[in-house]
Amino acid sequence: MKSPLTPAQDAALVAAIRQAEVTTSGEIRVHLEDTCPTPEPLDRAAQVFGELGMHRTAQRNGVLFYLAWTSRQFAIAGDVGINSVVPDDFWEATKEAVLRDFRQEKYVAGLEHGIRQVGEQLKRYFPYDAATDQNELDDSISIGGDEPSPRS
């Protein structure tokens with residue numbers, strides 16, 4: 001898949017990720033692909049989460065924004081560390097906030113909004129520690145193909 005984002009949109013999302021990560025040890029990624037190869041986008045997000053090695057963060061506080069561009073499917077997946085501390089309705093509320101922008105075809109703004117919300121929760125529960133923090137995951141937007149990934 002060729003990225004549906006312009007270079008400026010890509011840069012804006014990477015900047016939003018970096019801004020959100022400045023005050024936390026948490027890690028955020030965005031993954032785009034044309035179509036979701038699974039019936040449920042959250043299942044695919046979980047697969048991509050593993051493929052990107054997002055479970056390898058020291059505090060298990062990675063978050064993935066998954067968007068199947070053409071099939072218009074979206075999910076947010078968080079690792080066990082952040083899942084164990086955020087309010088029960090956090091993921092659904094964040095997803096709905098993003099989708100409000102998506103419904104107005106403001107895709108980058110929606111992702112930026114969600115990234116900020118996730119960043120605030122990561123900051124609250126996993127604050128930045130200058131002595132130990134390092135950027136554990138690539139901040140770039142990952143792009144997937146149309147083919148389903150092999151199951152492990």
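Between which two strands is the loop in which R72 is found? R72 is found in the loop between β2 (62–68) and β3. This is a predicted model, in which local features need pLDDT of at least 70, side-chain atom pairs count only at pLDDT 80 or more, and totals for chains, interfaces and linings use all residues. Residues are numbered from 1 along each chain as its sequence is written, and side-chain values use heavy atoms, with hydrogens and water left out. Helices (H or I, at least four residues) and strands (E, at least two) are DSSP runs numbered from the N terminus.

**Largest pocket**

- The largest pocket holds about 250 Å³ of space.
- Its lining comprises 14 residues, of which L42, A75, I76, A77 and W91 are the closest to its centre.
- Two or more lining residues come from each of α2 (41–51), β3 (73–78) and α4 (90–103), and β3 gives the largest share, five residues.
- By class, nine lining residues are nonpolar, one is polar and four are charged.
- A pocket is an open set of points on a 1 Å grid over the protein atoms alone, where a 1.4 Å probe fits, with protein on both sides within 12 Å along at least five of seven lines; lining residues have an atom within 4 Å of a point.
- A volume is the space filled by probe spheres set on the points.
- Ala, Val, Leu, Ile, Met, Phe, Trp, Tyr, Cys and Pro count as nonpolar, Asp, Glu, Lys and Arg as charged, and the others, Gly among them, as polar.

**Residues with positive phi**

- R72, a residue other than glycine, has a positive phi near 55°.
- E105, in the loop between α4 and α5 (107–125), is not a glycine, yet its phi is positive at about 60°.
- E105 is exposed, with a relative accessible area of 60%.

Definitions and conventions: Buried means under 20% relative accessible area, exposed over 50%, partly exposed in between (1.4 Å probe, protein chains only).
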